[in-house]
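Take a walk through the structure below.

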Amino acid sequence: MTEQRTAFPPLPSFVDQATISGMAAYDALCAEAARDYEGYWARLAREHIAWKQPFSRTLDEDDAPFYKWFGDGRLNVSYNCLDRHLIDGNADKTAIIFEADDGMSTHVSYRELHEKVCKFANGLKSRGIKKGDRVIIYMSMSVEGVAAMQACARIGATHSVVFGGFSAKSLQERIIDAGAVAVITADEQLRGGKRLPLKSIVDEALALGGCDSVKDVIVYRRTGGTIGFEAGRDLWLHELVASQPAKCEPEWVDAEHPLFILYTSGSTGTPKGVQHSSGGYLLWAALTMKWSFDIKPGDVYWCTADIGWVTGHSYIAYGPTAVGATQVVFEGIPTFPNAGRFWDTIARHKVSTFYTAPTAIRSLIKASDVDPKVHPKNYDLSSLRLLGTVGEPINPEAWMWYYTQVGGEKCPIVDTFWQTETGGHMITPLPGATPMVPGSCTLPLPGIMAAIVDEAGNELADGQGGMLVVKRPWPSMIRTIWNNPERFKASYFPAELGGNLYLAGDGAIRDEHSGYFTITGRIDDVLNVSGHRMGTMEIESALVANPLVAEAAVVGKPDATTGESICAFVVLKQATPSGEEARKIALELRDWVAKEIGPIAKPKEIRFGDNLPKTRSGKIMRRLLRVLAKGDPVTQDVSTLENPAILDQLSTPA
Ligand code: WTA
């Protein structure tokens with residue numbers, strides 16, 4: 001299928017200076033990995049990481065699929081991300097350009113960031129927080145948010161960042177599952193000119209109960225807004241760090257030491273705490289900065305993700321700092337003060353490398369159709385040299401607009417396919433080597449043994465769609481699900497596939513001619529709304545927890561801007577409402593879901609029915625619901641349907 005689409009060869013000017021220059025260089029790395037898999041990774045780990053104690057064993061498969069990488073090596077991630085640059089003469093280089101919501105910006109050098117992190121780390125230590133403890137970070141985009149993560153890494157505490165858009169209940173569930181000893185937060189966050197609460201949500205989460213493990217709540221003062229303060233438990237960050245020494249000896253940890261846990265949605269049950277390592281994770285975060293983004297000393301890099309998601313971990317907090325890059329950290333939203341904010345920010349900070357989500361691109365295309373003043377052509381984007389996308393498939397139209405209107409046809413686009421579980425990029429064009437095809441993430445990075453298999457784990461011929469798997473373990477992969485090793489095995493190394501293939505959860509197809517991969521979407525009940533992962537079961541559980549609701553089923557509906565949107569089919573305990581009453585209850589339920597999970601999980605559409613379409617054995621026919629959500633006519637066989645009359649009722653929104 002990709003064959004009919006146009007390929008865009010890499011630009012010669014880019015190839016000339018690229019870290020991986022030309023397909024021959026890519027092929028050579030792949031051949032090295034194929035020839036001596038462990039030797040390949042060992043070489044890279046020695047070249048790209050500063051080890052306190054070198055490792056002697058590269059890959060330990062004894063307890064597969066609980067793989068260990070560089071097991072007896074010792075290192076500190078924060079040392080690699082900060083101290084290294086003080087030694088190599090980059091101390092005064094800008095690490096972070098903080099672009100605040102209101103457009104003010106601050107530059108923080110590596111020396112300053114190092115000092116901030118050391119004081120923060122000493123502050124945590126003064127509270128008795130130590131190696132192996134879990135710390136929840138519930139903050140918005142800020143230098144302090146990045147410093148909080150690095151400070152945890154410095155003392156060997158395992159952080160778990162919770163996105164600031166999650167509700168008190170979601171926060172509480174994560175605090176309990178992680179058994180956190182402390183929560184780091186801010187008084188409030190600023191987004192789009194509005195103040196939104198953070199600390200009060202932490203208070204609410206802790207008041208829900210079960211969080212006795214939490215001894216400290218550390219509060220960064222962002223807005224100065226009024227908040228509740230509980231003596232003995234709550235501390236101001238500025239007071240905590242005020243008298244701390246500016247140096248903090250890193251805690252040297254084993255390569256396998258858990259750097260962080262990040263909760264993400266799966267197809268069943270509660271969110272999974274994806275556990276990552278220190279050594280293997282850091283290696284890939286650093287290396288993909290050099291390979292996928294071709295990062296160079298003079299680059300100004302900007303990833304628009306939030307630290308609450310994995311992209312903000314690997315490609316804000318760790319990757320860019322590991323390679324000593326200058327990066328923009330952005331507090332605001334793409335549409336404030338207007339939809340030209342991204343382009344204006346690129347122009348002001350002379351951003352050269354820009355990484356964002358397809359949803360953002362699509363919404364900015366729409367915005368510039370409505371208001372031509374915010375079209376990228378009105379801004380000086382000549383500093384750009386590379387563009388990237390992440391989080392969801394990019395449609396070829398959006399790709400072309402990004403390529404021509406933003407990149408002026410002179411910037412390669414890296415369409416990076418990866419996941420919370422993979423720690424870093426997996427399948428992506430290399431900007432100085434791979435001819436690009438809009439909508440395809442092209443080829444696996446060297447050393448990533450991606451393949452496409454059928455339901456029994458047999459590899460499929462090119463051109464046939466199937467399930468995306470990875471055949472060999474790689475250094476930055478998920479280590480386990482926190483507190484749930486059995487679920488880790490069942491979710492990612494299912495016995496049906498033989499137990500030794502990593503199952504990504506995505507469908508994919510590989511082109512017969514080019515060998516290029518195209519991701520066709522999730523094969524499980526996970527939705528991707530604006531690049532955010534959401535489990536349908538989670539939203540269903542939230543809905544049925546409402547006293548009005550008897551039954552609920554949630555499906556994804558294709559959406560021109562957000563990729564997918566959430567459509568909920570609901571059966572109430574009372575008679576099925578219509579008109580104004582239906583709209584009122586729908587509104588109530590949407591707010592309910594926002595309170596249960598967070599505003600990002602609000603169904604865009606709710607449809608009420610007397611019943612849900614079920615097979616005679618009582619199974620909800622989700623396939624049919626997806627057809628109804630889309631508004632397509634039902635053409636499939638509904639003879640197994642217990643109650644066919646329900647289809648009409650469910651075909652219109654409340
Ligand atoms: C989807 C985000 C197509 C995919 C880094 C994956 C993509 C899920 C791409 C992971 C891409 C991510 N093309 N689909 N370039 N990148 N996805 O864990 O379905 O939030 O499984 O990690 O996003 O989402 P997650």
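Asp133 counts as buried because its relative accessibility is 11%. Buried means under 20% relative accessible area, exposed means over 50%, and partly exposed lies in between, with a 1.4 Å probe and protein chains only. The model is a predicted one, in which local features need pLDDT of at least 70 and side-chain atom pairs count only at pLDDT 80 or more, while totals for chains, interfaces and linings use all residues. Residues are numbered from 1 along each chain as its sequence is written, and side-chain values use heavy atoms, with hydrogens and water left out.

Asp133 sits in the loop between helix H5 and strand S6 (134-138). Helices (H or I, at least four residues) and strands (E, at least two) are DSSP runs, numbered from the N terminus. Leaving out residues up to four places away in sequence, Asp133 touches Gly128, Ala157, Thr158 and Val181. Contact here means heavy atoms within 4.5 Å.

Gly128, one of those partners, follows H5 and has a positive phi, near 85°. H5 itself covers residues 110-126, which makes 17 residues. From first C-alpha to last, H5 reaches 24 Å, close to the 24 Å expected at 1.5 Å a residue. The expected span is 1.5 Å times one less than the number of residues. Buried residues of H5 include Tyr110, Leu113, His114, Val117, Phe120 and Leu124. An α-helix has 3.6 residues a turn, so residues three or four places apart point the same way.

Helix H4 spans residues 77-87, and its buried residues are Val77, Ser78, Asn80, Cys81, Leu82, Asp83 and His85. Asn76 caps the N-terminal end of H4. A side-chain oxygen of Asn76 lies 2.8 Å from the backbone nitrogen of Ser78. Just after H4, Gly89 takes a positive phi of about 85°.

Trp69 lies in strand S2 (residues 68-69). How buried is Trp69? Its relative accessible area is 0%. Trp69 is in contact with Tyr37, Trp41, Thr58, Leu59, Ala255, Glu256, Pro473, Trp474, Pro475 and Arg479, leaving aside neighbours within four places in sequence. Pro473 is 404 residues away from Trp69 along the chain, yet their C-alpha atoms are separated by 9.3 Å.

Thr326 belongs to strand S17 (residues 326-330). Thr326 counts as buried because its relative accessibility is 9%. A polar atom of the Thr326 side chain lies 2.6 Å from the backbone oxygen of Thr94. Beyond four places in sequence, Thr326 touches Lys93, Thr94, Ala95, Ile97, Asp299, Val300 and Tyr301.

Most residues other than glycine have a negative phi, and most peptide bonds are trans. The bond from Ala64 to Pro65 is cis, with omega near 5°. Pro65 is in the loop between strand S1 (59-60) and S2. Phe336 and Pro337 are also joined by a cis peptide bond, with omega about 0°. Pro337 is in the loop between S17 and helix H12 (341-349).

Lys350 is not a glycine, but its phi is positive, near 50°. Lys350 lies in the loop between H12 and strand S18 (353-356), and counts as exposed because its relative accessibility is 56%. Ser530 likewise has a positive phi, of about 55°. Ser530 is in the loop between strand S26 (526-529) and strand S27 (532-535). At 24% relative accessibility, Ser530 counts as partly exposed.

Which residues are closest to the ligand? They are Asp415, Thr420, Asp506, Arg522 and Arg533, out of 17 that surround it. A residue belongs to this group if one of its heavy atoms lies within 4 Å. The shell divides into six nonpolar, six polar and five charged residues.

A polar side-chain atom of Asp506 lies 2.4 Å from a ligand oxygen. An N or O atom in the Asp415 side chain is 2.7 Å from a ligand nitrogen. A polar backbone atom of Pro393 is 3.5 Å from a ligand nitrogen. Taken alone the ligand exposes 530 Å², and the protein buries 95% of that. Helix H11 (310-322), strand S20 (413-416) and strand S25 (517-522) each give two or more residues to the shell.

Notes
A polar contact is a pair of N or O atoms within 3.5 Å; within protein, one must be able to donate a hydrogen and the other to accept it, and residues adjacent in sequence count only if both atoms are side-chain atoms. Accessible areas come from the Shrake-Rupley method with a 1.4 Å probe; for residues, only the protein chains shown count as cover. Ala, Val, Leu, Ile, Met, Phe, Trp, Tyr, Cys and Pro count as nonpolar, Asp, Glu, Lys and Arg as charged, and the others, Gly among them, as polar.
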